Amino acid sequence: MTAEVPLDLKRQVVVEREHFQHLFTVLQSKGYQVVGPTIRDYAIVYDTLTCVDDLPAGYTDEQDGGSYRLKKRDDQALFGYAVGPQAWKRLLHPPVIRLWQARRKEHGFEMVPENAEPPKLAFLGVRSCELHAIAIQDKVFLREGYSDPTYASRRENVCIIAVNCGQAGGTCFCTSMHTGPKADAGFDLALTEVLDARHHYFVVEVGSELGAELVQELPSREAGKEEIDLAGRIVANTAEHMGRSMDTTNIKDLLYRNLDHPRWDEVANRCLTCGNCTMVCPTCFCTTVEDVTDLTGESAERWRKWDSCFTMDFSYIAGGSIRNSSKSRYRQWMTHKLASWIDQFGTSGCVGCGRCITWCPVGIDITEEVRAIRETDSPAGRKEK
């Protein structure tokens with residue numbers, strides 16, 4: 001018999017738009033630094049927020065292969081966009097971090113530990129696909145016996161305020177990956193924004209004890225059946241209007257048996273191997289390590305930095321790089337993301353956010369690449385059942 005869920009964790013309440021600032025106030029009173037969407041450099045990015053006015057009210061994004069543009073909406077929705085170029089991983093798995101430093105002493109050297117206190121962060125505006133991405137990185141970095149201390153310390157200090165998607169982006173395909181658009185787990189609170197010409201409010205679902213505590217301090221009222229149903233219809237409508245789709249049926253075997261497919265040559269002719277797709281991806285986690293010293297030789301440091309499987313150095317071993325062609329590097333990325341990741345971690349490495357499509361300078365579309373391989377899959381290459 002399963003344990004009963006505490007009553008507070010089943011609650012759905014309504015918070016009016018005019019009271020949304022109270023969420024900031026409550027989070028800040030509990031010591032959280034609020035991080036969420038704001039406009040900078042003509043894009044919606046994640047940054048520190050101090051108040052509701054920092055949110056991208058009245059803006060949306062238009063996305064397609066190799067194209068991203070901000071556009072004014074006809075209303076003042078606070079979360080009326082899809083996803084921008086940044087993923088939450090940069091706050092849990094920092095792009096650059098010092099692992100240790102050492103200083104020369106008279107008789108040897110001493111290690112200087114890294115004791116920086118991780119920030120206490122509240123992620124505001126996390127989409128369902130991004131919740132799944134965080135869960136995937138949890139599997140990578142919090143495995144028993146292989147836990148990453150930097151990730152673990154940052155992860156345990158995070159409060160997550162999710163937002164159910166009220167519109168799909170032009171490159172979104174989360175429904176294909178079963179990762180959205182509705183947040184189903186991994187959040188403290190989940191918001192659905194509802195607005196029309198007369199009314200603007202949020203249906204707030206409690207997902208944890210922390211979320212229940214936050215709701216108790218917010219001006220709110222219990223959500224009625226009509227309001228809950230309307231929130232559900234908004235998300236269902238989003239699911240029906242995805243900008244992209246991907247058939248994932250037996251996708252691991254499909255890619256494994258097509259490692260020599262001619263499509264890899266075609267995509268290689270377009271790929272710049274710039275690594276944009278890996279930088280914006282919310283699940284990619286590859287890094288490199290660099291050791292540096294000062295000019296006097298008195299101090300040495302080791303730094304960990306994001307890397308990409310699209311760089312020549314990433315697969316360098318004695319004798320040279322084992323993936324020295326664009327074809328081999330793109331094939332490695334896509335096959336790892338959609339196939340061998342399943343063998344490693346029991347899940348796909350793709351959550352259908354569409355960032356890799358939007359931010360590819362030449363508009364390479366991972367859904368189109370899968371479709372092209374599937375449509376020309378040789379029956380002779382299939383294993384007999």
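## A tour of the predicted model

Start with histidine 178, which sits in the loop between α5 and β10. This is a predicted model, and histidine 178 in it has a positive phi of about 60° although it is not a glycine. Its relative accessibility is 65%, so histidine 178 counts as exposed.

Stay in that loop and select proline 181. Its place is between α5 (174–177) and β10 (189–195). Show the backbone from glycine 180 to proline 181: the peptide bond there is cis, with omega near 10°.

Next, select tyrosine 42. Look for it in the loop between β2 (33–40) and β3 (43–48). Tyrosine 42 is not a glycine, yet its phi is positive, near 65°. Is tyrosine 42 buried or exposed? It counts as exposed, because its relative accessibility is 76%.

**The whole chain**

Zoom out and colour by secondary structure. The chain has 13 helices and 16 strands. Its radius of gyration is 23 Å, close to the 21 Å that the globule rule gives for 385 residues, so the chain is as compact as a globular protein of that length. Along the principal axes, the C-alpha atoms fill a box of roughly 70 × 65 × 50 Å.

Switch to a surface view. Buried residues make up 47% of the 385 residues. Of the contacts with a separation of 6 or more, 72% are between residues 24 or more positions apart.

Now colour by pLDDT. The average for the chain is 93, and 96% of the residues score at least 70. Select residues 1–5, where the pLDDT is below 50; beyond near neighbours in sequence, this stretch has one contact in the model. Where pLDDT is low, the predicted coordinates should not be read in detail.

**A buried tryptophan**

Select tryptophan 341, in helix α11 (residues 326–345). Its relative accessible area is 1%, under the 20% cut-off, so tryptophan 341 is buried. Which residues does tryptophan 341 touch, not counting those up to four places away in sequence? They are Ile136, Val140, Thr283, Cys284, Phe285, His336, Gly346, Thr347, Ser348 and Gly349. For a sense of scale, draw a distance from tryptophan 341 to aspartate 54: they are 37 Å apart, C-alpha to C-alpha, and 287 residues apart in sequence.

**A glutamate in a strand**

Move to glutamate 301, found in strand β14 (residues 299–306). At 16% relative accessibility, under the 20% limit, glutamate 301 counts as buried. Show side chains here: that of glutamate 301 makes a polar contact with the side chain of tryptophan 303, at 2.8 Å. Leaving aside residues up to four places away in sequence, glutamate 301 also touches Arg98, Trp100, Gln101, Glu290, Asp291 and Val292.

**The cysteines**

Finally, select the cysteines. How many disulfides are there, with sulfur atoms within 2.5 Å as the rule? The count comes to zero. Cysteine 51 is in no disulfide, and the nearest cysteine sulfur, that of cysteine 159, is 18 Å away. Cysteine 51 counts as partly exposed, at 21% relative accessibility. Cysteine 129 is in no disulfide either; the nearest cysteine sulfur belongs to cysteine 353 and is 5.4 Å away. With a relative accessible area of 8%, cysteine 129 is buried.

Methods
Residues numbered from 1 in each chain as written. Predicted model: local features only at pLDDT ≥ 70, side-chain atom pairs only at ≥ 80, totals over all residues. Heavy atoms only, no water. Helix = DSSP H or I, 4+ residues; strand = E, 2+ residues; numbered from the N terminus. Buried < 20%, exposed > 50% of the residue type's maximum accessible area, 1.4 Å probe, protein only. Contact = heavy atoms within 4.5 Å. pLDDT = per-residue confidence, 0-100. Polar contact = N/O pair within 3.5 Å; in protein donor to acceptor, adjacent residues only side chain to side chain. Disulfide = S-S within 2.5 Å. Rg over C-alpha atoms; globule rule 2.2 N^0.38 Å.
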